Amino acid sequence: MGSGFTVIFDCLLLLMLFGICRGSTVGVCYGRNADDLPTPDKVVQLIQLHNVKNVRIYDSNIQILKAFANTGIELMIGISNLDLLPFAQFQSNADTWLKNSILPYYPATKITYITVGAEVTEASNNVSALVVPAMQNIFTALRKAGLHRKIKVSSTHSLGVLSRSFPPSAGAFNSSHAFFLKPMLEFLAEHQSPFMVDIYPYYAYRDSSNNVSLDYTLFESSSEVIDPNTGLLYTNMFDAQIDAIYFALMALNFRTIKIMVTETGWPSKGSPKETAATPDNAQTYNTNLIRHVINDTGTPAKPGEEIDVYIFSLFNENRKPGLESERNWGLFFPDQTSVYNLDFTGRGSLDTTTNSNFTNSNGTWCIASPNASEDDIRKGLDWACSSGNVDCSAIQPSQPCFEPDSLPSHASYAFNSYYQQNGATDIACSFGGAGVRTNKNPSYDNCLYMTLGSNKTAASNATAIPLKSPSSVEKVSIWIPGCILMAFLPFL
């Protein structure tokens, strides 16, 4: 018995050391089709504040690549449909692009995926035939640079790539796409790249609310949908749509390709007929999604299967055409205030009240944690006074909250201001672990700490510094259960 557990422990250690067993991850899509977005360096600070470690962008913008340098954040970059032709035509174009747009910033900027084309089956111009040749040329360029095992190449798809998705076991690819799908799947299987898909249960509900329940799309259903062919039970549409792709892949005998969800989410506002597009529903969907993913729950057809997911989108994008919902998928407004509160760790409580889900502070304040390091507190203070849009004038010399002139005192004032302005929730007091809630009013003399609903205005008065990424202990708490399960399976 003892030797058996020693073997298991050794296997676990090796898996952790080599990163083979890392668990599912949740990232965010950083789209920029909007006015007045923060500069890339401020966006990186916002992302770090919320401990997001995976980000998707839709091009290879140099300023963004520079901003993500030395952050440890894994970046997925994209080649747009409009740029597919030159990459598909000549290998030299792919070589030159890699040399000029990627290699100068790698590995300081941790690029892990390149998406070649996006939802090409939905594109008005027929670019599908260009995707695989472009992917092959990009891969060849990476191989020449010795990066083909470190940076994976794939392409994203909408669920429209399927001709049938219900029941999940009947999932099948649209035969009209076979001419490019088959060579693409062969490419993915050969190079261990994921099949990337954008999944939106919101649209299924919006367009067929008589047949689909809202609770089923929000991971809130108390009933189950049975697949009559397999007997598998589904409690949410996300799993059903993922399994439809798994079954479509298996029908073509591609059983080793993993699925990655490169976009999913829920809009917080919509046109009059889009009644499900609300902050409450958006928060509910994304909160439940994160919990579902990081627990490595898997799907009914693939229990325990790891799946990486990217939430769309970081910001509301006011330049996007179409219905009102198209411009309201963001987690944040361009001024970096939250559209609603979302805990990317999946450990926070779910609050679904109105007014951007702000809750009554119930006599609570946020102050600098006595257990936090000076460096973490300083980073949190600098972030709150700049990117956090907190008015920090009260802690300047000769102002009411300057004395005592100490870092914890100044940080406590700034932390609490951000906390109260952003709903007085657990996540609004996190500051990378540097903040802590208290029931004792920290106000003193003429230094009055903000409470929820007070009319103080926000300002920007300091220079922000990125916050520290999650500790290794936090990371382990998310992905260790899946590793243990995998390690024990051979002994069961």
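I began with the contacts between helix 6 and helix 7 in this predicted model. On the helix 6 side I listed S128, A129, V131, V132, M135, Q136 and F139. These meet F179, F180, P183, M184, F187 and L188 in helix 7.

Next I looked up the geometry of that pair. Helix 6 covers residues 128–144 and helix 7 covers residues 178–190; their axes come within 8 Å and cross at roughly 20 degrees. I then checked the hand, and helix 6 passes helix 7 in a left-handed crossing.

I moved on to the strands. How many residues of strand 3 are buried? I noted five of the six in residues 74–79, so strand 3 is largely enclosed by the rest of the structure. For this entry, buried means under 20% relative accessible area.

I looked for the pairing partners of strand 3. Strand 2, residues 54–56, runs parallel to strand 3 and is joined to it by three bridges. Within this pairing I found V55 opposite L75 of strand 3. I traced the chain between these two strands: from strand 2 the path goes through helix 3, residues 62–67, and on to strand 3. I recorded this β-α-β crossover as right-handed.

Strand 3 also pairs with strand 4, residues 110–118. I noted six bridges here, and the two strands run parallel.

Conventions. Residues are numbered from 1 along each chain as its sequence is written. This is a predicted model: local features need pLDDT of at least 70, side-chain atom pairs count only at pLDDT 80 or more; totals for chains, interfaces and linings use all residues. Side-chain values use heavy atoms; hydrogens and water are left out. Buried means under 20% relative accessible area, exposed over 50%, partly exposed in between (1.4 Å probe, protein chains only). Helices (H or I, at least four residues) and strands (E, at least two) are DSSP runs, numbered from the N terminus. Two strands pair if DSSP finds at least two bridges between them. A crossover is right-handed if, with the strands pointing away from the viewer, the path from the first strand over the helix to the second runs clockwise. Axes are lines fitted to C-alpha atoms, for helices over the stretch in contact, and angles run from 0 to 180 degrees between N-to-C directions. A crossing is left-handed if the near helix is turned anticlockwise from the far one by less than a right angle, and right-handed if clockwise. Contact means heavy atoms within 4.5 Å.
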